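Q: I have this one open next to its sequence and would like to go through it with you. Can we start with the overall layout and then move on to the side chains?

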Amino acid sequence: MDQDKTSDLQPFTIDLTVEEARRRAEVMAALGPDWDPVAVLRGEDEAYARLYSGLDAEQRRTYDLLVAAGVLPGEGPGRAAAH
């Protein structure tokens, strides 16, 4: 029988801190100096409002059912679907 090979194993560790910092710096550089997160969120809110505006009564009932089921996010701050 083979002897236990676990004694031959060498520990392998990796510190992802430097890599994560580099990744974040690259993301910020790609966004550029003119990126305005508040304006982006405001634009997303406006787009969401437009997307679901003008629904007829049946569409609104379906929308409300989907929101209640957590399939679609509801209105208001911090919108996110439950599932």
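Q: How many helices and strands are there in the protein chain?
A: The protein chain has three helices and zero strands, and from the N terminus on its elements run α-α-α. Helices (H or I, at least four residues) and strands (E, at least two) are taken as DSSP runs, numbered from the N terminus. This is a predicted model, in which local features need pLDDT of at least 70 and side-chain atom pairs count only at pLDDT 80 or more, while totals for chains, interfaces and linings use all residues. Residues are numbered from 1 along each chain as its sequence is written, and side-chain values use heavy atoms, with hydrogens and water left out.

Q: And what share of the residues counts as buried?
A: Of the 83 residues in the protein chain, 6% count as buried, where buried means under 20% relative accessible area, exposed over 50% and partly exposed in between (1.4 Å probe, protein chains only). The chain exposes about 7400 Å², of which carbon and sulfur atoms supply 58%; these areas come from the Shrake-Rupley method with a 1.4 Å probe, and for residues only the protein chains shown count as cover.

Q: Turning to H1, how many residues does it have?
A: H1 has 15 residues and reaches 21 Å from its first C-alpha to its last, close to the 21 Å expected at 1.5 Å a residue, the expected span being 1.5 Å times one less than the number of residues. Just after H1, Gly32 takes a positive phi of about 85 degrees.

Q: Which residues form the nonpolar patch on the surface?
A: Val27, Met28, Leu31, Trp35 and Val40 form it, with about 410 Å² of accessible area together. Patches are made of residues with over 30% relative accessible area and no salt bridge, with like charges joined within 9 Å and nonpolar side chains (Val, Leu, Ile, Met, Phe, Trp, Tyr) within 5 Å. Helix H1 (residues 17-31) gives the largest share of the patch, three residues, whereas Trp35 is found in the loop between H1 and helix H2 (37-51) and is partly exposed because its relative accessibility is 37%.

Q: Switching to charges, which partners does Glu20 have, starting with Arg23?
A: Glu20 forms a salt bridge with Arg23, the closest N and O atoms being 2.7 Å apart, and another with Arg24 at 2.9 Å; a salt bridge is a side-chain nitrogen of Lys or Arg within 4 Å of a carboxyl oxygen of Asp or Glu. Glu20 and Arg24 are four residues apart in helix H1, so about one helical turn separates them. Arg24 counts as exposed at 53% relative accessibility, whereas Arg23 is partly exposed at 41%.

Q: Where do Glu46 and Arg50 lie?
A: Both lie in helix H2, four residues apart, about one turn of the helix, and their side chains meet in a salt bridge (3.9 Å, N to O).

Q: Last topic: how many aromatic pairs does the structure hold?
A: It holds two, counting rings of Phe, Tyr and Trp (its six-membered ring) whose centres lie within 6.5 Å, with planes under 30 degrees apart taken as stacked, over 60 as edge-to-face and the rest as tilted. The rings of Tyr52 and Tyr63 have centres 4.7 Å apart and planes at 40 degrees, so that pair is tilted.

Q: Is Tyr63 buried or exposed?
A: Tyr63 is buried, because its relative accessible area is 5%. Its contacts (heavy atoms within 4.5 Å) include Tyr48, Leu55 and Pro73, not counting residues up to four places away in sequence.
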